[in-house]
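Please go through this note with the model open beside you.

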Amino acid sequence: MREFQPSSGDTHSRAHWHVPVLLCMLVSSLWTLHLFLPSRAATSDSESIGLSITITASAGSGFSINLIAAPEKRVPSTGNDDTRLEVEVRNIGSTTPLLRQIVRTGSGGTFSGFTLTGINAGSYDITAKGYSHLRRKMPGVSLSSGTTIDFSTGGTVKLLCGDVNSSSGDNLVNGIDLTLIINDLTGNTERYDMNRDTVVNGIDLTNAITNLTETGDS
Ligand SMILES: [Ca+2]
Ligand SMILES: [Ca+2]
């Protein structure tokens, strides 16, 4: 028997058959790569996204001023002016505070180093309200580092007493305030002790009645 040997013609025929098949496989692979790989344009777009610059307007870093406020009816009338003082800084003509802060003034009615955080030096309305007193506003004052704001105008103007309701008062003296004082007669609640002689009595009630229906600056 003769063992089968491929002729040279068979070899040529098989190679001839393989060429188009390999070409088809190559085209198919390239097409698959095109579908699943991101296009060049898409890659460029991705690279351009994510580069942004944020510019934030900077608020003032703040500065400190000094305050003077004198509550009325204190006995003695000097060296007895300490109070819980609520201070607001506002844009001129506005009643919305840019800053509200409560401080405790000393016996001379002064507070040094009141810091206006986040506010630039300039002109503002500034208000002060005592713990038992109506608000006083100093309109359009120039504030900068070291400024002293004297709510007593050299000791000639005092904060009116008698507003003792709610946490900070309602800036009005009326029957609600009088009732609170009456209910503490013979007591020693600091807020009802208008003259600050450590006892709440008829003198404190009379001081509040003097200002009945008075309202403070808005
Ligand atoms: Ca009141
Ligand atoms: Ca008293």
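1. A residue is buried if 20 or more other C-beta atoms lie within 10 Å of its own, exposed if 12 or fewer, and partly exposed in between, with C-beta atoms placed from the backbone. By that rule, 26% of the 218 residues of the chain are buried.

2. This is a predicted model: local features need pLDDT of at least 70, side-chain atom pairs count only at pLDDT 80 or more, and totals for chains, interfaces and linings use all residues. Residues are numbered from 1 along each chain as its sequence is written, while chains are lettered from A and ligands numbered from 1 in the order in which they are written.

3. The chain has four helices and seven strands. Both are DSSP runs numbered from the N terminus: helices are H or I with at least four residues, strands E with at least two. From the N terminus the order is α-α-β-β-β-β-β-β-β-α-α.

4. Three strands make an open, mixed sheet, ordered β4-β1-β7. Its edge strands are β4 (110–116) and β7 (148–150). Strands pair if DSSP finds at least two bridges between them. β1 (residues 63–68) and β7 are parallel, with three bridges. Ile68 has Asp150 in β7 as its bridge partner.

5. Which residues of helix α4 are buried? In α4 (residues 202–210) they are Asp204, Asn207 and Ala208. They lie on the same side of α4 because they cover an arc of only 95° around the axis, taken from the directions from the helix axis to the C-beta atoms. Their cover includes α3 (175–182).

Methods
Contact = placed C-beta atoms within 7 Å.
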